[in-house]
Structure formats: C-alpha cells, structure tokens
Amino acid sequence: MARLAIAAGNWKMNKTVEEASEFAEAFLSLSPNTSDIEIILCPPYVSLYPLSQKLAQTGIKLAAQNCHWETKGAFTGEISVPMLKAVQCQYVICGHSERRHIFGETSEDIGKKVKTVIYFGLNPILCVGETLEEREAGQTEAVVFDHLSKGIVNLSKEEALSLVVAYEPVWAIGTGKAATPQDAHQVISYLRQQLAKQFDKETAEKIRILYGGSVTPENIYNFMKDPDIDGSLVGGASLDPAKFNKIILESLRASQ
Ligand code: PEP
C-alpha cells in the first residue's frame, strides 16, 4: 500500500523567531506542494507558536524537536506534550541522536516520550541509528533493534499507527557523508520486519520509515526511489527554503 511521503526539516538549535518567520515567507513563496507529501518543519520551541500562525491553512505541519513525558509539574526547562499540542504541533521528534549522545537520553526515556506523544494525539518521529564504531563492529541491527524495541515497548497496534520511524545513522548526521540508498534500504527493511513482529504485517506496512543523515537536493532522489524509504528527516539542508523545497520536488519526482 502507498504511504504518504514525508519531508521533515529539523532546524536543531538554529534560527531566531524573526529568522524562522523569514524562512516561512520565503518557503511559502515557492508554493510547496502539500497535497502529495507531508511537509513538516521542526523549529526550536520558541518559534512553534509564531510559525503555527504563519503556516495556518498552508498544510505545512509543525514538529517539536523533543518533549517531556510528564504532563506538567516541577521539571524546570522542560516542555510537555499538551503545551506542544496547544500550539498546533502535530509531530514530536523523539530520541534524536543528539539527544541520546549529547544529553544522555536513554531508550527507556524515549519510550516514555513516544507513549505520551501518542496518548495526546500527536505523532512521534522515533529516531534510531548506530554510531560508526557500532557499524564497524557489525552491531548496526542490534543497536537499531534496541532503539526501536525500547521506543515502542508500550504501544498497542492502534497506537503504532501514529508512529513514524527515522533511521539516522549517527555517522551520517551533519557529516556530508550520507549512507548509500542500499545501506538505508537494508536497515529500513530490517526495521519494518521488526515492526511486523511486534505488531503485525499490516500495521508495519502502514508505518512510515524515513532516512536521515546528510540528505541534500542532489541525493534525495535515489533514497526516495527505494519503495521502503518513505521520506527524509533533513537537518542542514532544511535551513535554506530553496534547498528544502528542492528536496520536496525531488522526493515527488522519485515517486512518479
Ligand atoms: C538531522 O538533524 O536529523 C540530520 C539528519 O541532519 P543532517 O541532514 O544535517 O545530516
């Protein structure tokens, strides 16, 4: 069955509110196609509300880059899922490798986040991926299995339908060294098999799995030609409206 493609732009800790607004204006002037692909912008928290105003009725969706699993309380510096929902956020990135490796988030923490995101009716983008050391030690499948299985540990089949998974090899993020489409295919089809084991084949066929790691307007076509790769999570190249729009156009060209 055909899964609607996704192009998600993770801005990480980039752009002030004013710069985010300038991006939105420039991006909208390119008339991005929002009917055949889901376009998701993941700005820093402070830009979610202003962008929700700018992007209302455009079909472009918003994601947060993180959240806390609790609803409210004494968690200084954290943001809850109901707060994100109140600013029209529909997606939340959970377990980005920078959260795992720089901030020490565990797969157990990430599993709690995924569960809370779905509980409040939003969609988690669960990131999984191995480091170069792990790949070279032949541990890629074991690592992504650990990230995936602990990320989805508490989900029912119905809840799993809200899930998006992003395979992001750590060695490819921000390095300019993207995985080959063949590498991405291998891991993504392994992830889909694991989803089928955990839920069932029908559910696994409905869950979108993205590739992320040095995606560019030049290389996205070959990733999107692979029927198992349902879209991209883009860091650096999503900061530029023209480049991000080119990634969208190339994703659509690959699906024709
Ligand atoms: C990311 O931030 O998830 C990412 C894949 O970054 P980049 O595209 O810059 O490698």
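Which are the buried residues of α12?

## Helix α12

In this predicted model, the buried residues of α12 are Pro 241, Phe 244, Asn 245, Ile 247, Ile 248, Glu 250, Ser 251, Leu 252 and Ala 254. The helix itself runs through residues 241-254, and its 14 residues reach 20 Å from the first C-alpha to the last, close to the 20 Å expected at 1.5 Å a residue. At its N-terminal end α12 is capped by Asp 240, a side-chain oxygen of which lies 3.0 Å from the backbone nitrogen of Ala 242.

The buried residues of α12 pack against the strands β1 (5-10), β2 (37-42) and β8 (231-234), and also against the helices α1 (17-28) and α11 (220-224).

## Nonpolar cores

Phe 244 is, together with Val 165, Leu 191, Leu 195 and Tyr 211, among the residues with the most contacts inside the largest nonpolar core, which has 65 residues. Helix α9 (residues 181-198) gives the most to this core, contributing six residues. Apart from this core lies another, of 13 residues, among them Tyr 91, Ile 93, Ile 125 and Ala 166.

Leaving aside residues up to four places away in sequence, Phe 244 touches a set of residues including Ala 7, Phe 23, Phe 27, Ile 39, Leu 41 and Val 234.

## Ligand surroundings

The ligand is surrounded by 14 residues, the closest being Lys 12, Glu 168, Gly 174, Ser 214 and Gly 235. A polar side-chain atom of Glu 168 lies 2.8 Å from an oxygen atom of the ligand, while polar backbone atoms are found 2.7 Å from a ligand oxygen in the case of Ser 214 and 2.8 Å from a ligand oxygen in the case of Gly 236. Of the 290 Å² of accessible area that the ligand has on its own, the protein covers 95%.

Note on methods: Residues are numbered from 1 along each chain as its sequence is written. This is a predicted model: local features need pLDDT of at least 70, side-chain atom pairs count only at pLDDT 80 or more; totals for chains, interfaces and linings use all residues. Side-chain values use heavy atoms; hydrogens and water are left out. Helices (H or I, at least four residues) and strands (E, at least two) are DSSP runs, numbered from the N terminus. The expected span of a helix is 1.5 Å times one less than its number of residues. Buried means under 20% relative accessible area, exposed over 50%, partly exposed in between (1.4 Å probe, protein chains only). Contact means heavy atoms within 4.5 Å. A polar contact is a pair of N or O atoms within 3.5 Å; within protein, one must be able to donate a hydrogen and the other to accept it, and residues adjacent in sequence count only if both atoms are side-chain atoms. A nonpolar core is a set of buried Ala, Val, Leu, Ile, Met, Phe, Trp, Tyr and Cys residues joined through side-chain atoms within 4.5 Å. A residue is near a molecule or strand if one of its heavy atoms lies within 4 Å of it. Accessible areas come from the Shrake-Rupley method with a 1.4 Å probe; for residues, only the protein chains shown count as cover.
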